[in-house]
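Some labels given to residues and contacts rest on cut-offs.

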Amino acid sequence: MMRLLDLLFPERRTSAVVAKDRLKIVLAHERASRDAPDFLPVLQKELLQVVGRYVEIRDDMLRVNVGKSGDTSLLEINVEIDRAKVSPAKNGAASAGTKAPPAMRLDTGTPAPWVKPG
Amino acid sequence: MAKVIVLTSGKGGVGKTTSAAAIAAGLALRGNRTVVIDFDVGLRNLDLIMGCERRVVFDFINVINGDAKLNQALIKDKRSDNLYIFPTSQTRDKDALKRDGVERVLDELKDNFDYIVCDSPAGIEHGAITALYFADSAIITTNPEVSSVRDSDRIIGILASKSKRAEHNMEPVDVHLLLTRYSLERVKKGEMLSVEDVKEILSIPLLGVIPESESVLRASNTGTPVVFDQESPAGRAYHDAVARFLGEQREMRFLKSERRSFFRALLGRA
């Protein structure tokens, strides 16, 4: 009976419904950033620099997240690129196998200063 | 083994001190030796809510600093033999609440009490973190209102990462939701988040729902924890919350429309 009523009269967008929706959105953001490791912003900045050598990229086109899938922690990096914006000079230089860009600090095997011990 | 319970919320003015007083008194009325501690250094108020403001001689900071013995600072409640109040200091030095000193005092209290109820200050600064740090259980006092729910979520995150239990990889702090200042009328009109909404958003178990009630202000006016008012809906809701905390199954009152007329009649009489 309630279901039928709900179908006939869909939920009014009361202020309580608005409050709940707003809270869900803001808390989803805050929880994600709260659980994120401290190095994420630095990682994101360095990745932007590296990718930026090959393609024109805006800050909002690269997103770094840490998530979970079952028991596995996932580092998820999404890069959105615009093919038209590939710089030919830079593209050529990279494919010609010139000097590789300096290794990222995370690859050196020694913990970076912002990685918490333990 | 004594249990340390913190009443916390992040946001101020949601009813932490009222709830700490009511829950401590409720635990004591059920025969548990209980002490309620004010962690709000500089803004002492638990003494007023408990009605013992004229009996404060020594305080929490005096005991931490070794200037007074524990039994000199504890105030025995005049209504219940099992209930003691531990007032805080009015000093403006917030750092007076040193973590190792607090731990030492709590350990001494654990030998003498079944429950140690900690009334946290608002915010997420030193005092609030110290109040929750040693907790075994936390009662998250929340109003059905956006800023309170958001701050509660923040505090739940802090309990999960910055408490002693979290830092020492022990079993996590046992977290409960206490929804205060609830108005069924306004929820029905779509003007207030419902208990289901808040439960869904915070996803922690519900300990109790305290209806908005005139008896709460009357209790604070007279310095009597609201559980001593047997007629009051809020007082009975706190008794239910205490019973649930101790493991009893009790139906949530004041949440169903068929009970509304009953609730209204009580309010009308109060």
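**Labels and their grounds**

Q: Why is B:Ser9 called buried?
A: In this predicted model, B:Ser9 has a relative accessible area of 0%. Buried means under 20%, so B:Ser9 is buried. The residue sits in the loop between β1 (3-8) and α1 (16-29) of chain B, and B:Ser9 touches B:Val14, B:Thr141 and B:Ile155, among others.

Q: What makes the pairing of the side chains of B:Ser9 and B:Lys16 a polar contact?
A: The two side chains are joined at 3.0 Å, and the limit for such a pair of N or O atoms is 3.5 Å; the pair therefore counts as a polar contact. The side chain of B:Ser9 also reaches the backbone oxygen of B:Lys11, at 2.5 Å.

Q: Why does A:Val66 count as partly exposed?
A: Its relative accessibility is 40%. Buried is under 20% and exposed is over 50%, so A:Val66 falls in between and is partly exposed.

Q: What makes the meeting of B:Arg150 and A:Glu30 a salt bridge?
A: The N to O distance is 2.5 Å. The cut-off is 4 Å, so the pair qualifies as a salt bridge. Between chain A and chain B the count is five salt bridges, and the two chains bury about 1300 Å² between them. In chain A, A:Lys20, A:Leu23 and A:Arg34 lose the most area to chain B.

How values were computed:
Residues are numbered from 1 along each chain as its sequence is written. Chains are lettered from A and ligands numbered from 1 in the order in which they are written. This is a predicted model: local features need pLDDT of at least 70, side-chain atom pairs count only at pLDDT 80 or more; totals for chains, interfaces and linings use all residues. Side-chain values use heavy atoms; hydrogens and water are left out. Buried means under 20% relative accessible area, exposed over 50%, partly exposed in between (1.4 Å probe, protein chains only). Helices (H or I, at least four residues) and strands (E, at least two) are DSSP runs, numbered from the N terminus. A polar contact is a pair of N or O atoms within 3.5 Å; within protein, one must be able to donate a hydrogen and the other to accept it, and residues adjacent in sequence count only if both atoms are side-chain atoms. Contact means heavy atoms within 4.5 Å. Buried area is the accessible area (1.4 Å probe) that two parts lose on being put together, summed over both. A salt bridge is a side-chain nitrogen of Lys or Arg within 4 Å of a carboxyl oxygen of Asp or Glu. Lists of a residue's contacts leave out its neighbours within four places in sequence.
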